[in-house]
Amino acid sequence: MPLTLTHWGAYEVDADDGRVRDVRGAPFDPDPSPIGRSLRAIDRARVLRPAVRRSWLDGGPGTAGHLRGSEPFVEVDWDVALDLVAGELERVRSEHGGASIYSGSYGWASAGRFHHAQSQLRRFMAIAGGSTTSRNSYSLAAAEVVVPHILGMSFEDVQYAATSWENMARHTGLFVAFGGVPVKNSQIQHGGIARHRVPEHLERCRDAGVHFVNVSPIADDLGVGAEWIPIRPNTDTALMLALVHELVATDRIDRDFVDRYTEGWDRFEDSVMGRSDEPARDPRWAEEVCGIDAGVVERLAADMAVTPTMLNVSWSLQRADHGEQSYWAVVALAAALGQIGRPGAGFGMGYGAVGTVGNGVPSIRMPRVPAPPDPVDEFIPVARIADMLLHPGEPFDYDGARYAYPDVRLVYWAGGNPFHHHQDLGRLERAWAKPETIVVHEPFWTAAARRADVVLPATTPLEREDIGGARVDDVVIAMPKIVEPIGEARDDHAIFAGLAHRLGFGDRFTGGRSVEEWLRWMYDDIRARFGDLPDYDAFRREGMVEIPRGDAASHVLLADFRADPEGSPLPTPSGRIEIHSATVASFAYDDCPGHPVWFEPAEWLGATETRHPLHLVSNQPRTRLHSQYDHGETSTDAKVEGREPVRMHPDEAAARGIADGDAVRLFNDRGACFAGAVLDDAVMPGVVQLSTGAWYDPDPDTGACRHGNPNVLTRDVGTSRLAQGPTAHTCLVEVERVADPPEPRPFDPPVVAES
């Protein structure tokens, strides 16, 4: 059986007659993800031919945008589709300029390095004359902007330099996880993951005597016998500040460390201790805010001070109102302990968030299709797409500068599903009606495809040759074509090449290379840095190569800085950890000052609002990657009567007359969705948990999503003026039992009219 690579693991795939018959985890993977079984749905819900929305085809660009998602498509042949798209790109660019085209994409479309939709799209648009693009990611936008101000390093570099699990098994005494270490998330790695090791690492640490503490509203965010400290969502920063207060008040702070290694500590400490305008952030204050007994806070601070302590923040914490503050505060808390740069101690940003954080593998640059500089300067923070479409020309702040939203007339989306990633989907629907044209590359009839004007059927990774590998994994895998393209699907490169030839720059786009020649070029790029690897032909025959690992146990974040802060300074303005950043302070943002603080969230359980008394945690699913393969068996088998399961505490369910398995409606002022109730005391009272990724399917009568997409409920407001990241985890809802909900629709294609 041929071997392939996905973002959720390596698999052996058995296929014949264009169908996937069996999928087995690679024999070298100790804990294969069950998501792989869903690859058998490769032939379901497929876009089989190019399709054009009826009103747009009949009336031209700008016709009846409000009907996107509700009217049929007309299938056309490829030449007609490509002529239409090329003509529209040329029209919009010539009449309105390159900034009026928005290149929408997301990096999770394929683990393959060549057929990486975002890279192909960016190369095409840059050569064509440019387009408006996005910055940062829905996963990490707040962290990606604030971390460089604190440490002078990109968030990606900090994460990939994380202290290794092997080092922690030898040296860590206490591991405190704000937001847990959810093993379900560690199934995934951008670019693919060959071996799932996080469960094994956790068990080795536990067996070595590491005491785990899970600070989270959800108990199973961290297993291995962890102590659970339930916390109100969005109050982790308050707890961290209270822990700093307790360390200072009890004279357990490491003064030598904060004096030598940090910048602006005194100003931050004055704020925490109540010496400036703010009240003291002591454990009793935290008890009122976080719902955690003050004695627990005092005990936790004392334990941290006397044992090698690793502090971890999950990615979820910064996807909230003022999400920047949690990442800043954890660095400040680690600095107060004085353990940064020591074996088994300090801080981490996302252990368990993806599969390779802390695996000790040296970071290597993986090749991708190069793109020339984009001649258009306009951009938006990634989560501000609805603002852009609804409010062209309006100003917005971002990381110390002021910009204006471009007037976008054409949205071109290849790789990703905005009707999964984005928040407040009702608002996005209204914004989505504004552009004159929307073009989407998509294998499946997702919500984004159903809301396009032109849908171009794209292949899946099993239908094309590629090379896969992650930046911090030790395996590169050849990805063979396992089945022929279904219907008339073409890969993204072929689609863009067809458009490029029509627009007069075909040879420049392809670089004069065939797909195989591009793959050889990419592999040679890897091989040039590891000369003992086999040649390309041997690599394809063998199916994979391994990269030398090095000594994983030696990996300690910021060890060189700790050993010699003058000789190995951080690339910050001060050369030190910026607990107070003069740069950020100079921006004069009222929602993000120059050092970590706690702001009361716009929606939270400590508020007086009672109409929506439950806090929604819309975390990552365990049965799929984002919304990919929601129609596959791993995802569908976990649903409750075809709806996404929502977990809630039995006491909250009883108060609402809800029994296990009941159909329920979640709602607030932004929208509503249906789900299937699952009673579970692993979810703290006051909280409900509904994973993201159910394919958005609003009921025409009520507008509520029939499948259970939580982003009909979440807020489309930026974290702060600094990062403008998404705030999905700041969301209050109510839940009610529903006796006769609308039936979820099967994952069938929309009605497609004949041309």
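## Strand pairing

Two strands pair if DSSP finds at least two bridges between them. In this predicted model, strand β12 (residues 309-313) meets that criterion with β13: the two are joined by 4 bridges and run in the parallel sense. V313 stands opposite M349 in β13.

## The sheet

β12 and β13 belong to an open sheet of 5 strands. Its order is β10-β9-β8-β12-β13, and the pairing is parallel. β10 (227-229) and β13 (346-349) are the edge strands, each pairing on one side only. On average, neighbouring strands in this sheet are turned by 20 degrees against each other, direction ignored.

## Helix α8 against helix α12

Two packed helices are described by the angle between their axes and the distance between the axes. For α8 (residues 236-249) and α12 (residues 294-306), the axes come within 9 Å and cross at roughly 65 degrees. Angles of 65 to 115 degrees count as roughly perpendicular, so α8 and α12 are roughly perpendicular to each other. The crossing of α8 past α12 is right-handed.

On the α8 side, the contact is made by L239, A242, L243, E246 and L247. They meet V297, E298, L300, A301, M304 and A305 in α12. By class, the residues of this contact divide into 9 nonpolar and 2 charged, with no polar ones.

Key: Residues numbered from 1 in each chain as written. Predicted model: local features only at pLDDT ≥ 70, side-chain atom pairs only at ≥ 80, totals over all residues. Heavy atoms only, no water. Axes fitted to C-alpha atoms, helices over the stretch in contact; angles between N-to-C directions. Parallel < 35°, antiparallel > 145°, perpendicular 65-115°, else oblique. Left-handed = near helix turned anticlockwise from the far one by under 90°. Contact = heavy atoms within 4.5 Å. Nonpolar A, V, L, I, M, F, W, Y, C, P; charged D, E, K, R; others polar.
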